Amino acid sequence: RATGRAQGMIGDSAKALPVLRVEGIEPFDLIHIDGAHDLASAVTDLVNARGLLRQDGLVIVDDMHLPGPRKAAEAMLGDGWYTGSIGEHVAELRLP
């Protein structure tokens, strides 16, 4: 169920995602994260994305072949922050 709008952003996700939340923007149907590859940054991206996602929305995370993003996605799934699946290169995550 897409709303018919798209908004792309290029920049540091650790800075851009919190700005969107402060601006009170309408929740997103889809968030695609191709962020930093260290564990701390990947966790921050997933926490920030969660606050911007519509209840039935989808977060797609790239670079699952790298340890940081993979461990972050696995931790979020294991702790119940998201449901979904992790593939070889991409994770598809939804709110529980």
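Student: Leaving aside neighbours within four places in sequence, which residues is Leu93 in contact with?

Tutor: This is a predicted model. In it, Leu93 contacts Leu46, Gly57, Leu58, Val59, Val61, Ala73, Leu77, Tyr82, Thr83, Gly84 and Ser85.

Student: Which residues of the largest nonpolar core touch the most other members?

Tutor: The general idea comes first. In soluble globular proteins, nonpolar side chains tend to be buried together. Here the largest nonpolar core has 20 residues, and those touching the most other members are Ile31, Leu46, Val59, Val61, Tyr82 and Leu93. Two or more residues of this core come from each of helix H1 (13-22), strand S1 (28-33), helix H2 (39-50), S2, H3 and strand S4 (90-94).

Student: Where is Val61 found, and is Val61 buried or exposed?

Tutor: Val61 is found in strand S2. Val61 counts as buried because its relative accessibility is 8%, and the cut-off for buried is under 20%.

Student: What is Val61 in contact with, beyond its neighbours within four places in sequence?

Tutor: Its contacts there are Ile33, Leu46, His89, Val90, Ala91 and Leu93. For a distance along the chain, take Ala49: it is twelve residues from Val61, and their C-alpha atoms are 10 Å apart.

Student: What is the phi of Asp63, and where does Asp63 lie?

Tutor: Again, the general idea first. Most residues other than glycine have a negative phi. Asp63 has a positive phi, near 70°, and is not a glycine. Asp63 lies in the loop between strand S2 (53-62) and helix H3 (67-78).

Student: Is Asp63 buried or exposed?

Tutor: Asp63 is buried, as its relative accessible area is 16%.

Definitions and conventions:
Residues are numbered from 1 along each chain as its sequence is written. This is a predicted model: local features need pLDDT of at least 70, side-chain atom pairs count only at pLDDT 80 or more; totals for chains, interfaces and linings use all residues. Side-chain values use heavy atoms; hydrogens and water are left out. Helices (H or I, at least four residues) and strands (E, at least two) are DSSP runs, numbered from the N terminus. Buried means under 20% relative accessible area, exposed over 50%, partly exposed in between (1.4 Å probe, protein chains only). Contact means heavy atoms within 4.5 Å. A nonpolar core is a set of buried Ala, Val, Leu, Ile, Met, Phe, Trp, Tyr and Cys residues joined through side-chain atoms within 4.5 Å.
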